Structure formats: structure tokens, C-alpha cells
Amino acid sequence: MFNGRKIIAVCIPKAFNIHSFEYLCELNKCAVEKGFSLFVYQPNTDLALGDRNDAGERFIFDLMDFDKIDGVVIFSEILKDNKIADIIAEKSRKNNKPVIAVERYVEGCINVKYDYKDCFEKIVRHIIVDHKLTKVNFIAGIEGNDFSEERLNVYKKVLEEQGIPYDPERVGYGNFWEGPTKEVMEKFLADGKELPEAIICSNDTMAMTACKCLYEKGYSVPDDVLISGFDGIDEERYHTPRLTTCRSSKSEMSRLIVDTIDNYIKGNEVRKESIVSFEMVISQSCGCVARKAIDATTILSDMQTRLNWYQTCSLSMTGLLATISSKRNPQLIIDSMHGNQVFYNVYCCLNTDALNPKSGVVGNSSDKPFTDEMLMVYRGNWVEPSQRVVRFERKDIAPEYEKYIDMNSPLVFSCIHYLDVPLGYLCINYSLDLSAYERIPQITEAFGTGFGNVRMYTAMERLYTHDTLTELYNRRGFYQLVAPRFENAMNNPEAVMAIVSADLDGLKYINDNFGHSEGDNAIKVVAMALEYAAVEGEICSRFGGDEFVVAGLVQNGDTYADEFKARVDEYIERYNSVSGRPYKVETSIGIVCYNPRGTTIDEMIKMSDNLMYADKANHKEVRSRARYD
């Protein structure tokens, strides 16, 4: 439950696609009536490619919080990554949440699907039996595809029942798409071939393509050839003639989904598998409904309005992408978006480490795609937009949600990522308007590109200024940061600059006897000890090999050296006592503390080096005496 409402999590790709969007409209209507709200977890692709971008999109499902979710719906047929559907289902079951898989069967789920076979058989019988035809061709989908072969078998069954011989020459595979269907139609309409009385198609796209091919050859539908389709896609509404087809009832499916989750929560018995029927639509392409002129003016006007709005948004987003791609500062990115209505009702929530990768590579530094604490860096709102950076617990989804989120509209989540590196997520609370939803992939890309570039620039700068093994500053980074502090100290006679030189003892012995990986480990231990000891904001650096330099402005120069050494010794002794390694990590240290007026950084480093070498010589003498005692 969230904000006083029971929550249904909807896992569906491309919420801006008309097919997905219509489902969300129907689901939201049914959900609100039952006191539910929708959390929509949507990748901007169907995850079919499995490339690095898909890997980034896939992270959105890791955002699901089962403490707030009361039921889960997976659109498993249009979500092409079957493994993801299985993972979501398994997590849902482990958290004792009802999980429904739509169309593609998923083990352990409540599975719901459409009765394609029964409705398709009605179409075939209408063409062959009701119209009393014998010369009927068939365009199947993809050879070997379950849906395609099922529909082909229905065609064969009806032919056999009517005593009509099955002729393979009357069958072609259009792969559910336009190009292959054209090739099939060229075979059907080749010179010398008898014109079929009807062509039954396995989906509407192939049916519309068949109509077009017939027109190009000078034939008319349905006067010369009857055509039927299947699926009832949105584009069919604008086709002339309107197709005899079958349409899925998204409203009936949505009602079944919400009622099933509601009954499960209430402890009522629910069916493990349910079937929703398709509706056969008899129309113009088989001649049963008279053709009539469509209102082309209204259709074109509506389409032009949508196109103009889409072009306006696209141009705006293109310009914005060009702008933010050049920004290296996150605040400049946010400033670019401020006041742009495209970003209203959008929360941008980043991981706390999104813009500051710990290593020099642009990669994910954690096994978790989202940090437990998040940063809201932007909230667009008609009333009170915010550019304040707000820290909040990820479990709260978004700060001040009770004030700004409309629970009667879906809450859409989309992952902000840079290729396969997750940076955060968007929380979008649009009213159900398709033109608004169509902006979601562009908005996600804008944030992903902008903050991804900041992360990349940061990583590149880190490579330039940091040591990759210890993650301390390198020599270059050290001088960049210490130089201004040194200059400030020279202008302040009371300032004390401390310089620490440190060196790992016995590195050659460790490398020669235990391997270079153990030598690297010892170097990292010294680095961590120096960071542990640097409690006054000192700059810690690795100059190379086993040599380290620490520098900073300190409060008490008289006691600093002893206190710093004590903290280093404390850390290393604690490490040696629990490491279980066959060697001890030891270090030599030299420290100078004074006001730097009249000297240079390098001169101070030289003095601390001399003290460090003296300390190292003393350590060697002590170890040598210990061998002879």
C-alpha cells in the first residue's frame, strides 16, 4: 500500500506505444474503481535485442518494492526478455504477492490469455462456410511460430470439414509483416495463376498489405477478392475498406486482472488460468457491410494535430539534448530543464553515487542498481517546481509525494541509465494522455544523456587525477589540490602546513615471496591507513610504487605528527591482527609541520622524505637486531 491506496505493479514495455497505452487506460479505470492505483514499471524498449541499452532499461524492474505492492501484472508476451518475466514472477511469489502473466504462460503465475484459436476459427468459417467459397488462400505468420501454426491448422481443419482439398500453393508465410507479405502476394497474383476468391490473413498488417497489392494490380476488395485479418490493430480504423477481423477486449482483460488480484487479497478462490474471448468484427472487406466514406477530414485533422505536437516536442527535445550534452555540471543540466513544460509532473531521482564514480571507468560500482538513499535533483510541477537537491529514502519513492502525486493516475517509473550503468530513475505522474506518454522515452534519454555525460567527464577527470589501484590522488591530482592551500598558508602567518611522506616497508620481499597481487594488497592497506589517519581533510596521494604523500592545513602542528602516526599504527596493527596473511604490513613515515612562508611544496616534501628514510633505516636496524637477538 502507498499513500493510502492498494498498489498494482504493472510490468509492461513501452507505455507510450498505443497497444500498451490502451491497456494502461483500461487497467487504471478498473483499478481506481476497486480502490487500487497503478505503479507502472516500463522499459523504453521491449528488451528483444539484449544489448547494453536493453541492459540499462532492464534495471527498472529492480526498483519494485514489494512492501508497497499488493499485486503484480506482467505483460509477458510483449516483454521479450522471458528471463526477466520469470525473475519478477519468482520475486512476487517469494513476497506472497499475486502475480498475473498476460498471454505468455509463466510458471507459477496466474495465467490469463485470449482465445485466439476460437475467434480465428469463426473468421475462417465465415469466409469459407458463410460465403460458400472454395478457392481461399491463406497468409500465415512466421513458420514454426505457435500462433502462426495454430491459425494455419484452423484453416486446414475448416477446409477438411467442408471437403475442400488443402493446396500448399494457396499458402504463404508473410511473417506478420509487410515486406514478406508482398512477396507472398506476388506469388498469389503471378501471371497465369487463378485469382483466389478470398485471402485469409493471420493478422491485420498482412491483410492491409494484401489489399494494397490487389489495388496495385487493378483488383478491388471485396468485389474481386474477399480479405480478412486478425488482431484489430489501431491502424485498421483508418483503412478502406474496414477489415473483417477480430479484436481483443482490453477492457474485459483488465477487469479480469483487477478482479483476480482483488479476490486474491480478500482470500477468495481464484482460477490459475483464465481465457478472455476475442470479438469477431464483420465489416467491409468481406462484403458483408456496405462500404461508406470515412470522415477523412476529421481523421487527418486529428492526426495532423498530434503530428504537429509531436514535432514541436521533438524539436524542443533535440535542442535540449544538444544543450545538455555539452554540460559538465549537473546544476547546469537542471537549469536547462527548468520551466520546460515537457518536464512537468516528473521527479528525477539519482543514486547518491551517480555522478561520482569511485573508479576511473564508467561502470556500475555496486551490485545494486539503485542506492538505498536517493537524491531528488529535479521536480517539475505546475504549481511549485523544485530545483532543490533533496535526500530521501528510496522506499519513499519521491519526497513530498502526498502533496504532489495524483493517485488516480498511474505512477510511471523509467530507469535513467548511461548504456548499462544505472544512474537513477524517473517518477512520472501524467494524466492518461497518449501525446504526453509519447514524450517519456525522450525525457528519459535527456536525463540519461545529460547525467551520463557528467559521470563520464567525472570518470575521465578521475583517471587524470587519481591512482587506479588505491583510488588516492596521483601526483598530478595532489599538486592541483594542494597548490591553492599552500598559497593560502603562505599568506597567513598563523597557518600550519603538514606534509607526510610514507613508504611501504618490504615491498620487494612481499612481491618476491608471495606475488605481486599481495604486494598490491599491501600498498592498498597503507593507502587506507593514511586515509584513516587524515582526519583534518588532508589530501592523500600515491606518488608511485610504494611512495605516498599526504598534505593539508592542520590545527595543532606541535602534536600533529605523533597523533597522525598513532592513527596509522592503530589501523595497520588492527589489520595485521586479523588479515591471516603470511606477512605483516609495515610503513615508514616522515612528517614536517610549519608555516610554509619562504619555502616550496617540493622543499617540504624533500624534508619529510628525509625523515621518512631515517624512519625506514631505523626500522631496518630494529629488524636486523631482532634477527640476532
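This is a predicted model: local features need pLDDT of at least 70, side-chain atom pairs count only at pLDDT 80 or more; totals for chains, interfaces and linings use all residues.

Colleague: Is Tyr571 buried or exposed, and what is its relative accessible area?

Modeller: Residues are numbered from 1 along each chain as its sequence is written, and side-chain values use heavy atoms, leaving out hydrogens and water. Buried means under 20% relative accessible area, exposed means over 50%, and partly exposed is what lies in between (1.4 Å probe, protein chains only). Tyr571 therefore counts as buried, with a relative accessible area of 18%.

Colleague: How many aromatic pairs are there?

Modeller: Rings of Phe, Tyr and Trp (its six-membered ring) pair if their centres lie within 6.5 Å; planes under 30 degrees apart are stacked, over 60 edge-to-face, and the rest tilted. Go by that rule and the count of aromatic pairs comes to 27.

Colleague: Take Phe2 and Phe39: what kind of pair are they?

Modeller: Both Phe2 and Phe39 are buried. Their ring centres are 5.4 Å apart and the planes sit at 65°, so the pair is edge-to-face.

Colleague: And how many residues apart in sequence are Phe2 and Phe39?

Modeller: Helices (H or I, at least four residues) and strands (E, at least two) are DSSP runs, numbered from the N terminus. Phe2 lies in the segment before β1 (6-11), while Phe39 is in strand β2 (residues 36-41). So this pair ties together parts whose separation in sequence is 37 residues.

Colleague: Back to Tyr571. Which residue does it form a tilted aromatic pair with?

Modeller: The two rings are 5.5 Å centre to centre, with 45° between the planes. Tyr571 is in helix α17 (residues 557-579), and its partner is 39 residues away in helix α16 (residues 516-533).

Colleague: Which ring does the charged end of Arg379 sit over?

Modeller: A charge sits over a ring if NZ of Lys or CZ of Arg is within 6 Å of the ring centre and within 35 degrees of the ring normal. The charged end of Arg379 is 4.0 Å from the centre of the ring in question, which belongs to Tyr404.

Colleague: Which side chains does the side chain of Glu236 make polar contacts with?

Modeller: Glu236 lies in the loop between β9 (226-228) and β10 (245-248), and at 0% relative accessibility it counts as buried. A polar contact is a pair of N or O atoms within 3.5 Å; within protein, one must be able to donate a hydrogen and the other to accept it, and residues adjacent in sequence count only if both atoms are side-chain atoms. Another, at 2.7 Å, is with the side chain of Arg247.

Colleague: Which cysteines form a disulfide?

Modeller: A disulfide is a pair of cysteine sulfur atoms within 2.5 Å, and a search of the whole structure finds 1. One partner is in helix α4 (residues 116-130) and the other in strand β10, so the link ties together parts that are 127 residues apart in sequence. With -95° about the S-S bond, the link is left-handed. The sulfur atoms, 2.5 Å apart, belong to Cys119 and Cys246.
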